[in-house]
Amino acid sequence: MTAPVSLPQPGTPPHRPRHRWLAAVVVVLLIAVPAGYLVLSAYQSRDSGKDKQRAAAATGLVWQWPSKLESRIYEVPVPGGSTYVAHYEANSWQRSTFYVQFRTSRQGLERFVEEAGGDPGALREGAPGVTGRQAQTVGWDLDAPGRRYAGIRVERPGERPDLAVTVDVTSEDRLRVYAVSTVEF
């Protein structure tokens, strides 16, 4: 036998779920959170483009640390603790050149040259490093009277970029490093 079906009593409202708050939470999670994520992503993407545009429009040294990507591509490991860091990137069909300058300690210089693939002992006063033409591109004066300069060239095998380094060794405590990394295509 089947149970009798109960009909609602006249004058009572139809059945409503008891957990309306649960339905509201589900709606918020399914709609509001993704919408907020899209707005945040669009804002960050817009800011990213402005930074890239500003860097591409640079016509000289930019006084900030190079990005990790630039440091990795051009193999220019600026040592931690360096100050007065600036960089500039110039590109053409045949070559890309990355200019970096910074101040560092004797230990920072040795670490920089080692990580770049060179021998810190090969850094000698009067040795060739950054050429006059390269220095002129970014306004470096590497022939200033009363200053002592040491240089080294790190030629890397294969497709890896070559590195030219000139160091102002006038002040032994705060060495000024000028480095140019060049990739030929």
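**View 1. In which strand does Ser-96 lie?** Ser-96 belongs to strand β2, residues 95–104. Strands (E, at least two residues) and helices (H or I, at least four) are DSSP runs, numbered from the N terminus. Ser-96 is buried, at 8% relative accessibility. Buried means under 20% relative accessible area, exposed means over 50%, and partly exposed is in between (1.4 Å probe, protein chains only). The Ser-96 side chain makes a polar contact with the side chain of Asn-91, at 2.7 Å. A polar contact is a pair of N or O atoms within 3.5 Å; within protein, one must be able to donate a hydrogen and the other to accept it, and residues adjacent in sequence count only if both atoms are side-chain atoms.

This is a predicted model: local features need pLDDT of at least 70, side-chain atom pairs count only at pLDDT 80 or more, and totals for chains, interfaces and linings use all residues. Residues are numbered from 1 along each chain as its sequence is written, and side-chain values use heavy atoms, with hydrogens and water left out.

**View 2. Arg-160 forms a salt bridge with Glu-75.** A salt bridge is a side-chain nitrogen of Lys or Arg within 4 Å of a carboxyl oxygen of Asp or Glu. Here the closest N and O atoms are 2.6 Å apart. Arg-160 sits in the loop between β4 and β5, and Glu-75 in the loop between α2 (68–74) and β1 (83–91), so the pair ties together parts 85 residues apart in sequence. Arg-160 is partly exposed, at 39%. Glu-75 is partly exposed too, at 22%.

**View 3. Glu-184 pairs with Arg-95 in a salt bridge.** Their closest N and O atoms are 3.0 Å apart. Glu-184 is in strand β6 (residues 175–184) and Arg-95 in strand β2, so this pair ties together parts 89 residues apart in sequence. Glu-184 is partly exposed, with a relative accessible area of 45%.

**View 4. Arg-148 and Glu-172 form a salt bridge.** The closest N and O atoms are 3.3 Å apart. Arg-148 lies in the loop between α4 (132–138) and β4, Glu-172 in the loop between β5 and β6; the two are 24 residues apart. Salt bridges that share partners join Arg-106, Glu-125, Arg-148 and Glu-172 into one network. The whole structure holds seven salt bridges.

**View 5. Arg-156 sits in a loop between two strands, β4 (149–154) and β5 (162–168).** Arg-156 is buried, at 8% relative accessibility. Arg-156 and Ala-116 are 40 residues apart in sequence, and their C-alpha atoms are 9.3 Å apart in space.
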